[in-house]
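Here's a quick briefing to get you started. Have a look at the model first, then we'll walk through a few spots.

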Amino acid sequence: DLARDSWGFRGYIVSDCYAVNRVLDRHHYANNLTEVLNATLGAGMDLECGNILAASNVLDFYKSSAPAARASLDASLERLFEVQLRLGWADPPAAVPWSDYG
């Protein structure tokens with residue numbers, strides 16, 4: 001909330017590599033995958049450098065979670081897509097000045 005509300009950050013927040021895994025296996029902050037996803041998505045993380053947010057895990061989480069938890073995931077997806085659209089992901093390459101980079 002600090003980054004988005006106080007600083008006006010309009011991007012997405014990414015975890016350190018495998019930090020989300022560590023919430024479960026090293027820090028023991030959560031006891032299962034659902035608790036890990038509730039904690040990290042609820043804290044404002046949008047994207048993970050690791051494998052916890054694999055499609056199968058996210059779909060299971062979405063189907064089995066309460067509406068508030070699903071809202072956190074929905075908000076993360078909205079931020080990810082918003083950034084991609086602002087970067088020209090859906091625009092023709094000719095309309096995106098940096099489409100020729102790399």
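Leucine 73 is buried, because its relative accessible area is 7% (buried means under 20%, exposed over 50% and partly exposed in between, with a 1.4 Å probe and protein chains only). This is a predicted model, where local features need pLDDT of at least 70, side-chain atom pairs count only at pLDDT 80 or more, and totals for chains, interfaces and linings use all residues. Residues are numbered from 1 along each chain as its sequence is written, and side-chain values use heavy atoms, leaving out hydrogens and water.

**Around leucine 73**

- You'll find leucine 73 in helix 5 (helices are DSSP runs of H or I with at least four residues, numbered from the N terminus).
- Leaving out residues up to four places away in sequence, leucine 73 touches Leu41, Val58, Phe61 and Tyr62 (contact means heavy atoms within 4.5 Å).
- Asparagine 38 sits 35 residues from leucine 73 in sequence, and their C-alpha atoms are 9.0 Å apart in space.

**Around threonine 40**

- Threonine 40 belongs to helix 3, which covers residues 33-42.
- With 11% relative accessibility, threonine 40 counts as buried.
- Setting aside neighbours within four places in sequence, threonine 40 is in contact with Val20, Val23 and Met45.
- Alanine 19 is 21 residues from threonine 40 along the chain, with 9.8 Å between their C-alpha atoms.

**The disulfide**

- The structure has 1 disulfide (a pair of cysteine sulfur atoms within 2.5 Å).
- Cysteine 17 and cysteine 49 are the partners, at 1.9 Å from S to S.
- Cysteine 17 is in the loop between helix 1 (2-6) and helix 2 (19-25), while cysteine 49 is in the loop between helix 3 and helix 4 (55-64), so the pair ties together parts that are 32 residues apart in sequence.
- The torsion about the S-S bond of cysteine 17 and cysteine 49 is about 70°, so this disulfide is right-handed.
- Cysteine 17 counts as exposed at 51% relative accessibility, whereas cysteine 49 counts as partly exposed at 25%.

- Leu77, Phe81, Leu85 and Trp89 make a nonpolar surface patch of about 450 Å².
- Patches are made of residues with over 30% relative accessible area and no salt bridge, with like charges joined within 9 Å and nonpolar side chains (Val, Leu, Ile, Met, Phe, Trp, Tyr) within 5 Å; a salt bridge is a side-chain nitrogen of Lys or Arg within 4 Å of a carboxyl oxygen of Asp or Glu.
- Leucine 77 lies in helix 5 (residues 67-86), and its relative accessible area of 37% makes leucine 77 partly exposed.

Note on methods. Helices (H or I, at least four residues) and strands (E, at least two) are DSSP runs, numbered from the N terminus. Accessible areas come from the Shrake-Rupley method with a 1.4 Å probe; for residues, only the protein chains shown count as cover.
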